[in-house]
Amino acid sequence: MTERTVNLADIGWTDELATWAAEHDGRPGRVARANRGWSLVFTDDGAVMAASGSVRADTGVAPATGDFVTVVDVDGVPTLGSIAERTTVLTRRAPGRQPEPQVLASNIDDVFVMHGLDRPINYRRLERQLTIAFASGATPVVLLTKSDEVRHAEEAAASVARIAPGVEVIPFSTKTGENLAAVEAHTVAGRTVVLLGLSGIGKSTLVNELSGGRVQRTAEVRATDQKGRHTTVTRDLIPLPNGSVVIDTPGIREIGLWQAHEGIRRTFSEISDAEAACRFSDCGHEDEPGCGVRAAMADGRITARRLEHWRDLVAEDELQDSQLEEFARRAESRDRADADRRANNERQARRPRKGGKKRRRR
Ligand SMILES: Nc1nc2c(ncn2[C@@H]2O[C@H](COP(=O)(O)OP(=O)(O)O)[C@@H](O)[C@H]2O)c(=O)[nH]1
Ligand SMILES: [Mg+2]
Ligand SMILES: [Zn+2]
């Protein structure tokens, strides 16, 4: 599939965005894949590879898959001009020591948190995924793939539902078609879903199924590169025939939290609810009198396992906050030192030069 022309409406474009684009130079489009230095952009004139270094330098925002953008021509090179404000952002902490965000997808409506029923469900991973999904501002939906491979798919779904209060959980199979309609109900014209899960769990198979087998397995497209040649590149953003959009992330293992306070609160809503009843606002839920969390544990509303996982994620979130504060403090004192140095230099420069010979004391 070459996708020479893409209808903007088929990649999530709205009237509001059209208004935004009219106020900005360049051709409207959506980022289908973001790499270092360039982005693959779907425009109404086909797929182009646009240089993205300058927009990043100007705005401090690195483009991400799902961004609505304009592409301008800079000396014959397609270049990202502007990035529209994101409505939702799925972010993880970038792997590595520095506390830095990595945007996985933007402007998404649903996050499909996917696990395979053919292996034991890793609840800690699931809770992390739900946390970043809630933090994104989009709606998480848990998809349990390969339901044809187990006998008790509904039971597995029920135990997942117990740790995902308020989240829809759908066990399904692309092999038998079980519950595929429930999954498809989330892919509605104009909406964007992102797939999150380990590799091998059936993400690409689902994309193929949703696109009626019309997407080739490798998700390749032909794009115009900076030199105007046509070249084949891989994209993560896939427009479906029904006018909805799927963003396929590469199998992501590490789910580091990024500013996920609100995500934790919503993922562990039974704990957040119970906490509201604690007598002390800074209750540690250990042996304080009037602790709502201990009370909820005593009557089974909170399990010991959930409390332990919650404590771990809260600790990780708080550590990150203090790391970020420390970074900000250091950056600030560096800025202050720079400013002092500049002011000093200026004073030196302004000081009138003493002309002639130096006088010597007698
Ligand atoms: N039994 C069964 N196998 C599936 C199903 N969906 C995908 N698979 C298989 O799981 C493997 C990995 O699928 P793939 O879509 O490539 O996973 P991805 O890495 O998440 O994109 C393939 O061998 C698929 O045929 C399903 O519903 N049932
Ligand atoms: Mg895949
Ligand atoms: Zn308490």
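Of the 15 residues around ligand 1, those that come nearest are S199, G202, K203, S204 and T205, where a residue is near a molecule if its C-beta atom, placed from the backbone, lies within 6 Å of it. This is a predicted model, in which local features need pLDDT of at least 70 and side-chain atom pairs count only at pLDDT 80 or more, while totals for chains, interfaces and linings use all residues. Residues are numbered from 1 along each chain as its sequence is written, and chains are lettered from A and ligands numbered from 1 in the order in which they are written.

Helix α6 (residues 203-210) gives the most to the shell around ligand 1, namely three residues; helices (H or I, at least four residues) and strands (E, at least two) are DSSP runs numbered from the N terminus.

The largest nonpolar core has 78 residues, and V41, L90, V111, F112, V113, L143 and V194 have the most contacts inside it; such a core is a set of buried Ala, Val, Leu, Ile, Met, Phe, Trp, Tyr and Cys residues joined through C-beta atoms within 7 Å. With six residues, helix α3 (residues 123-135) gives the most to this core. Because domain 1 (8-83) and domain 2 (89-248) both give residues to this core, it lies between them, the domain bounds coming from an automatic or database domain assignment.

L40, in strand β2 (residues 38-43), counts as buried because it has 24 C-beta neighbours inside 10 Å, the cut-offs being 20 or more for buried, 12 or fewer for exposed, and partly exposed in between, with C-beta atoms placed from the backbone.
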